[in-house]
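Please walk through this model with the structure open.

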Amino acid sequence: MKALMDLVRELSFVRTAGSAAEKKAAELIMGEIGRIAEETGREDIRGEYMTFRIPDAEVRKCSVRAAGRELPCVPYLRSGNIEGEYGLVYLDGASEIDFAGLGSLEGKAVLLNGLTDEDVYKRLVEHKASAFLTMQGKYYFSEEEASLYPRRLREHFTRNGVIPGFTITAADALRLVQEETDRVWLTLEQEETEPESRNVSAVIEGTDLKEESIVLTAHYDSVPVGTGSWDNATGAVALLAIFRHFAAHPARRTLRFLWCGSEELGLLGSKAYVEQKKELLDKIGFCFNFDMCGTALGANRIMVTGEKELHTFVEQYCKIACYSGDIKAGVHSSDSAPFCDNGIPAVGLGRGTSTAEIHTIHDLLPSLSEKEMCRNAEFAVRMIGDVANAAVLPVKKGMSEDMKKELDKYFHRDKEKRVGAVI
């Protein structure tokens with residue numbers, strides 16, 4: 001097998017969900033699976049594509065004009081269409097208090113510092129805002145440094161209503177506010193589409209406890225800026241290294257390897273897997289997820305999602321293995337989450353640093369290290385091997401009550417609307 005960083009380098013290109021480039025990345029992974037099977041003499045191992053449709057949009061026109069200037073902008077995908085001149089209102093906190101004295105926002109576009117809170121979006125809908133604008137980057141960033149790229153307006157927002165949205169640079173947002181600009185001309189023309197994305201999977205059957213299985217996940221898609229080297233070519237390649245080890249040294253339990261597409265659009269690949277493979281969920285006792293590892297600087301990261309005993313197990317295991325890491329309990333915003341939502345405990349393994357960046361033009365190769373990639377993969381192999389070969393799995397299935405609440409919050413639903421299979 002090639003050196004890990006050589007494989008990361010091969011996967012370091014923009015590979016957005018549903019694109020030809022994402023398909024190319026899937027084919028590279030499939031090719032490595034085939035090579036590993038051949039080199040280890042495992043004629044029984046086959047890679048498999050699992051396709052699914054994703055919500056997307058084709059943008060024909062997108063522009064923001066203000067004070068006689070055309071501003072760099074990108075749209076919120078699937079946020080509808082608009083054209084015309086609108087009043088501009090800046091709401092810094094966008095809190096209930098900020099909205100209180102405004103009355104109707106019909107005919108107005110609202111400039112926000114950001115939009116991650118569904119309650120803020122609900123207020124926009126309730127006050128009949130005609131459009132919204134968010135900002136990206138720092139006030140001193142150029143258009144390129146701001147790393148503008150279209151984001152999809154997620155379903156938990158659109159269930160409240162659809163409002164056309166745009167993102168501009170923080171530098172332009174600052175200028176609009178300082179110049180007290182009160183009018184903008186907005187144009188957005190887009191058509192909703194449903195392109196095909198795909199997961200790549202492979203199964204290494206267990207030796208004597210083959211009816212029990214462990215799923216190992218990593219996403220391979222990227223956002224439209226940077227090369228996605230850290231996020232998540234590293235995780236996809238680490239999973240290939242782990243696959244190679246267990247192809248040559250099968251464990252007692254069956255290992256299900258899953259390289260997920262469309263993670264960056266909201267974990268769509270892993271969600272599609274748990275939907276398409278419902279019959280397997282009762283047999284899967286554990287999930288290991290790999291999202292961003294191998295940075296030269298920084299610390300190892302471990303996210304634990306499950307009962308309290310799982311957190312204790314991971315803490316003690318790291319001491320035994322002499323592997324330091326920042327261990328946290330919570331819902332990992334990555335491909336383990338849909339499995340956890342079905343009562344399958346998970347450990348997310350990674351490595352990171354504040355000196356590297358994701359979702360920007362700076363997600364590139366120079367922050368990474370072959371040595372640390374190998375170290376992360378070797379620890380994963382050891383931990384997975386011990387769990388997969390254990391006489392009894394060291395932790396039971398299920399989620400603590402606190403973790404169930406976190407999952408409900410993460411998936412934007414009330415407790416009574418919980419849809420997980422066994423939690």
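Contact here means heavy atoms within 4.5 Å. This is a predicted model, where local features need pLDDT of at least 70, side-chain atom pairs count only at pLDDT 80 or more, and totals for chains, interfaces and linings use all residues. Residues are numbered from 1 along each chain as its sequence is written, and side-chain values use heavy atoms, with hydrogens and water left out.

Start at asparagine 199. Leaving aside neighbours within four places in sequence, asparagine 199 is in contact with Glu48, Tyr49, Met50, Phe52, Leu258, Trp259, Cys260, Gly261, Gly269 and Tyr273. Asparagine 199 lies in strand E11. Helices (H or I, at least four residues) and strands (E, at least two) are DSSP runs, numbered from the N terminus. Asparagine 199 counts as buried, because its relative accessibility is 0%. Buried means under 20% relative accessible area, exposed over 50%, and partly exposed in between, with a 1.4 Å probe and protein chains only.

What does the side chain of asparagine 199 reach? A polar atom of that side chain lies 3.0 Å from the backbone nitrogen of glycine 261. A polar atom of the side chain also lies 2.9 Å from the backbone oxygen of glycine 269. Glycine 269 is one of the buried residues of helix H8 (residues 268-276), as is Tyr273. The cover over the buried residues of H8 includes strands E1 (47-53), E8 (151-152), E11 (196-204) and E13 (253-260), and helix H10 (337-340).

Next, find histidine 219 in strand E12 (residues 209-219). Histidine 219 is buried, because its relative accessible area is 1%. Its side chain makes a polar contact of 3.5 Å with the side chain of aspartate 291. A polar contact is a pair of N or O atoms within 3.5 Å; within protein, one must be able to donate a hydrogen and the other to accept it, and residues adjacent in sequence count only if both atoms are side-chain atoms. Beyond its neighbours within four places in sequence, histidine 219 has contacts that include Asp231, Cys260, Glu263, Phe290 and Asp335.

Rolling a probe the size of a water molecule over the atoms shows where empty space is left. On a 1 Å grid over the protein atoms alone, a cavity is a set of points where a 1.4 Å probe fits but cannot get out, and lining residues have an atom within 4 Å of a point. Grid points are joined across faces, edges and corners, and a volume is the space filled by probe spheres set on the points. The structure holds 2 cavities of 30 Å³ or more. Helix H11 gives the largest share of its lining, 3 residues.

The second largest cavity holds about 50 Å³ of space. Its lining includes Leu7, Leu28, Glu32 and Val237. Helices H1 (4-11), H2 (20-39) and H7 each supply at least two residues there.

Finish on H11 itself. This helix (residues 370-388) has 19 residues and reaches 26 Å from its first C-alpha to its last, close to the 27 Å expected at 1.5 Å a residue. That expected span is 1.5 Å times one less than the number of residues. Serine 369 caps the N-terminal end of H11, with a side-chain oxygen 3.2 Å from the backbone nitrogen of lysine 371.

Technical notes:
On a 1 Å grid over the protein atoms alone, a cavity is a set of points where a 1.4 Å probe fits but cannot get out, and a pocket is an open set with protein on both sides within 12 Å along at least five of seven lines; lining residues have an atom within 4 Å of a point.
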